[in-house]
Amino acid sequence: MSSLTLNKVEILVVDPNSNARRSVQAALQNYGYPEFDFAGSFREVRDKFRIREPDMIISEAELPDGTLSEFVRRLRNDEISGNPFLPIIGISSDSSKEVKFELEASGVDAILSRPLSTTHLVKCITEIMNKERQFLVTANYIGPVRPSAIPTDGIGAEPIDVPHTLKSKSKGIGYRSMYEDISNATKLINRLKMSRLSEKIVLLTNGIAEILEKHGFADEAHGLFEDILKASRDAGQRVAGTDYAHVTELCDSLIKLLNKICIEDEGAIKKDIKLLKPMASSIHLAFSESEEAAAFSRQVSNSVSNRNT
């Protein structure tokens with residue numbers, strides 16, 4: 001830690017209780033952290049982001065206007081203006097497995113329980129500061145590498161190096177110098193997320209097609225159906241305004257096809273089931289750099305659209 005300059009680091013403490021905010025400040029100032037800002041809601045956090053971003057957030061898990069898990073999930077997915085690689089520590093009075101799972105799944109760096117131990121908090125910050133900054137990008141998760149986030153299907157299991165903005169700031173490197181690295185890493189993460197989603201769509205669609213062919217729209221298919229719809233909507237929204245915007249049409253076509261299968265008679269279902277796999281494959285191929293793949297994807301999309309009109 002001797003090579004790091006703690007007085008360059010600004011920590012945003014988020015808690016609706018002003019006494020709780022001040023107690024965190026008082027505890028950390030004794031360890032050489034002099035720069036603090038405070039917020040009592042996530043609306044205040046977003047307002048502060050527009051002026052200046054902190055180098056780390058320490059936040060209560062439950063606030064009047066939302067949960068930390070939802071805020072972090074949106075930040076990691078680049079849905080909130082800010083640095084998606086910002087280190088975040090969650091604090092909770094609820095030690096249940098459900099709360100811990102939600103926080104971990106959102107992409108927080110660490111979770112601490114109340115009553116808060118200053119020693120544990122300082123140790124946690126030190127570990128984040130010194131640890132290599134790597135993220136996992138899966139169809140369901142963007143955030144720091146942790147065993148519970150490694151997907152069982154292997155899709156997105158490779159760690160990705162991302163800017164360690166906290167360590168850089170502690171060395172006196174400003175955000176302006178890091179902006180290009182953050183921007184490029186964000187684009188890479190988004191690209192990987194789209195690819196992971198497309199792989200998941202293929203996997204789920206193949207699964208539901210086999211179930212529909214053998215058993216029709218049985219109970220077993222409902223869960224897969226909802227998962228495909230969610231992944232398709234996510235992929236379609238994520239590519240809007242990018243070079244892969246045409247994938248939005250493909251995802252919309254797949255969603256329409258799935259909804260159509262739900263209300264069709266048995267004879268019509270068999271015909272549409274045959275379109276599911278090529279439709280899903282076209283979404284995956286749409287992320288290929290080749291013109292041939294993009295052309296094929298559009299051809300499949302047009303075919304399905306014409307069939308549905």
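**Salt bridges in close-up**

**View 1. R52, an exposed partner in a salt bridge.** R52 has a relative accessibility of 54%, so R52 counts as exposed, the cut-off being over 50%. The model is predicted. R52 meets the side chain of E10 in a salt bridge, at 2.7 Å from N to O. This pair links distant parts of the chain, 42 residues apart. E10 belongs to strand 1 (residues 10–14), while R52 lies in the loop between helix 2 (42–51) and strand 3 (56–60). E10 is buried, because its relative accessible area of 9% falls under 20%.

**View 2. D55 and K169, a salt bridge between buried residues.** The closest N and O atoms of D55 and K169 are 3.1 Å apart. The two residues are 114 residues apart and link distant parts of the chain. D55 sits in the loop between helix 2 and strand 3; K169 sits in helix 6 (residues 165–170). D55 has 0% relative accessibility and counts as buried. K169 is buried too, with a relative accessible area of 19%.

**View 3. E79 and R74, a salt bridge between partly exposed residues.** Here the closest N and O atoms are 3.6 Å apart. E79 has 48% relative accessibility and counts as partly exposed. R74, at 30%, also counts as partly exposed.

**View 4. D15, E60 and R114, one network.** Salt bridges with shared partners join these three residues. Across the whole structure, a search finds 13 salt bridges.

Methods
Residues are numbered from 1 along each chain as its sequence is written. This is a predicted model: local features need pLDDT of at least 70, side-chain atom pairs count only at pLDDT 80 or more; totals for chains, interfaces and linings use all residues. Side-chain values use heavy atoms; hydrogens and water are left out. A salt bridge is a side-chain nitrogen of Lys or Arg within 4 Å of a carboxyl oxygen of Asp or Glu. Helices (H or I, at least four residues) and strands (E, at least two) are DSSP runs, numbered from the N terminus. Buried means under 20% relative accessible area, exposed over 50%, partly exposed in between (1.4 Å probe, protein chains only).
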